[in-house]
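Hi,

Here is the structure I said I would pass on.

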Amino acid sequence: MNRQDAEKIVTEYLKPIFGFALKRCKSAEDAEDLSQEIALKVFRALLVREDIVDVGKFVWTAAHNALSNYYRDAARGIVGIPIDEVAESIADPAAEFGGDEEDESLRRLQSEIGYLSGQQRRIVIAYYFENRNQKDIADSMGIPLGTVKWHLFEARKELRRGMSTLRKASELKFHPIQFHSYGINGTMGTKTPDMFFRSALAQNICYCVRNAAKTVNEIADDLGVSPVYVEGEAAFLEEYGFLQLRKDRYLVNFIISEPDAELLTMQNDMYRQAAGLFAGDLYAELTESGILEDPGIICGQTDGPVMLKEEKRPDRNFVLWSLIPYIAARSGEKMRDDSISFEEVATIRPDGANNIFHATVVPEHMTLPEDYVYMRNWCGPMWNSDGKNSFWQIDSEWSERLNEVHDKGFSDYTKRILALYAREGEDMLSREDYAWLTQQGYMKTNGGGDGIFKSAWQIVILENSDIKKRLLAIGDRIREKYREEFERLKAPYVQAVLKSVPKHLEKMKAFELQYLFQSDGWFLCHCITALLKDGRLTLPTQEQRKSMSTLIFPE
């Protein structure tokens, strides 16, 4: 480039270059020296180079490089380079740096910006990254100009402090936990647990604050991620009641169990002994008392087609798969300790849920006894009522349900079943309704048109309150018989569990422990397992799996 053109370009940039330097140097004298150095470097380069396409980009790259040298020479840098310089350099993708030290500083600053408060972060990004003036930022954010200036000043101090601090991540950065399972005690809303805990980030945020309240920045440090990712997720979890916000700190608001092999073995032994006593006596009385022949227990289950004329008694084994867990769950209610109410500990969530949520984290490489009973694909007991009748069900590794119940929600699903049950007792249903019940596995039909038509419910139905009371009375008597033994078995386990729960969640866990050996999934699972193991219960047929362990009974 000829000298005249080079001088013209440099003259145009002298004032902006001086403004750039004045804003960043510690004195006006230094700014003058720096601006002259930048102008001289640009002028010399323009004289000898013919490949400069974007002159403005070239000028500001030279300015940033000269400023880097100024800071390094003046020893004002933090980890090799100061805040303002790095911020300006991030804002300009054309900036080049002299070595690994500066590159590391850029990465550190990018990380530290995430630790600023939300408002400070927006101001810093607008000022340094978007090159907006302070008055424009103040107007767009609806805050005084002085507030913008104060936040920029405080942000610089906070960034310097953060960059001079060695942040230490916890083990969660390298070995994040994963919820092994989670469950609900109460009613589910419109959102499923997967909507809240589909990500490892959400799970680890909650795990990080299970024992002590922490700020967003402290959580971010523990997880080794930017606070920007934490704050939105934590706010969402707090909105739905999974986290509590105490001043500026988050604390988990549900039970995260992390049992060790010793506690799980204690749990397994306790349930095995209790279920062995209860389930054995219950099976014997149900099968020997003649109550299974009572006409109030209705079940039209059949592996083949429904017979138009012949009436067959239901498969006893199939009926027991429903009655045994139902009696185990619902009997003994008058003996239960209800000193803590559900309302005291449950969380009402914005999606209509009202429940206690709990999750389990299972340590790796844990050795459990060979006879340990695993709860696989377990859900329940679940129930719903229309005011006249109730629908009751458990789902387990032995059953086979359609996904519709989980997709639509248990409440709406069961309301439809109960409504169809009530209508079918008075008149025939539509073809579409019969088809839907058949698809769910709860109904079979035969015939139609002008011929004989017959429908048969494939689940267990208790026709009246009398038969329901007689069945539950059997469970009550057995529980009374083993009351002292059950208390002896529970005591050390309850003590160990409460000891493992954070103080602020002890009451919530104590409420759930009131239901040990009652509507307690582990107890029901052990009862079934005990009877399968000694051959008194046999596995259901493939066709029975859809409708098993399901009852309808009057309120």
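**Starting points in helix α13**

Let's begin with Met 266, which you'll find in helix α13. Before you go further, keep in mind that this is a predicted model. Met 266 is partly exposed, since its relative accessible area is 28%, and that falls between the 20% limit for buried and the 50% limit for exposed. Leaving aside residues up to four places away in sequence, Met 266 touches Pro 492, Tyr 493 and Ala 496. Take Tyr 493 from that list: Met 266 and Tyr 493 are 227 residues apart in sequence, but their C-alpha atoms are 6.8 Å apart in space.

Helix α13 covers residues 261-288, and Asn 268 lies in it too. Is Asn 268 buried or exposed? Its relative accessibility is 1%, so Asn 268 counts as buried. The residues that Asn 268 touches, again not counting those up to four places away in sequence, are Asp 371, Tyr 372, Val 373 and His 526.

Next, find helix α14 (residues 316-330) and helix α22 (residues 521-533). Their axes come within 9 Å and cross at roughly 140°. Because of that angle, α14 and α22 count as oblique to each other; the cut-off for roughly antiparallel is over 145 degrees. The crossing of α14 past α22 is right-handed.

Which residues make the contact? On the α14 side they are Trp 321, Ile 324, Pro 325, Ala 328 and Ala 329. On the α22 side they are Phe 523, Leu 524, Cys 527, Ile 528, Leu 531 and Leu 532. Sorted by class, the contact of α14 with α22 has eleven nonpolar residues, with no polar and no charged ones.

**A helix with a buried face**

After α18 comes Gly 441, and its phi is positive, near 90°.

**Backbone details to look up**

A few spots in the backbone are worth a stop as well. Gly 380 and Pro 381 are joined by a cis peptide bond, with omega at about 10°. Pro 381 sits in strand β8, which covers residues 379-385.

Then there is Phe 517, in the loop between α21 (506-513) and α22. Although Phe 517 is not a glycine, its phi is positive, about 70°. At 1% relative accessibility, Phe 517 counts as buried.

With a relative accessibility of 2%, Ser 549 counts as buried.

Cheers

Notes
Residues numbered from 1 in each chain as written. Predicted model: local features only at pLDDT ≥ 70, side-chain atom pairs only at ≥ 80, totals over all residues. Heavy atoms only, no water. Axes fitted to C-alpha atoms, helices over the stretch in contact; angles between N-to-C directions. Helix = DSSP H or I, 4+ residues; strand = E, 2+ residues; numbered from the N terminus. Parallel < 35°, antiparallel > 145°, perpendicular 65-115°, else oblique. Left-handed = near helix turned anticlockwise from the far one by under 90°. Contact = heavy atoms within 4.5 Å. Nonpolar A, V, L, I, M, F, W, Y, C, P; charged D, E, K, R; others polar. Buried < 20%, exposed > 50% of the residue type's maximum accessible area, 1.4 Å probe, protein only.
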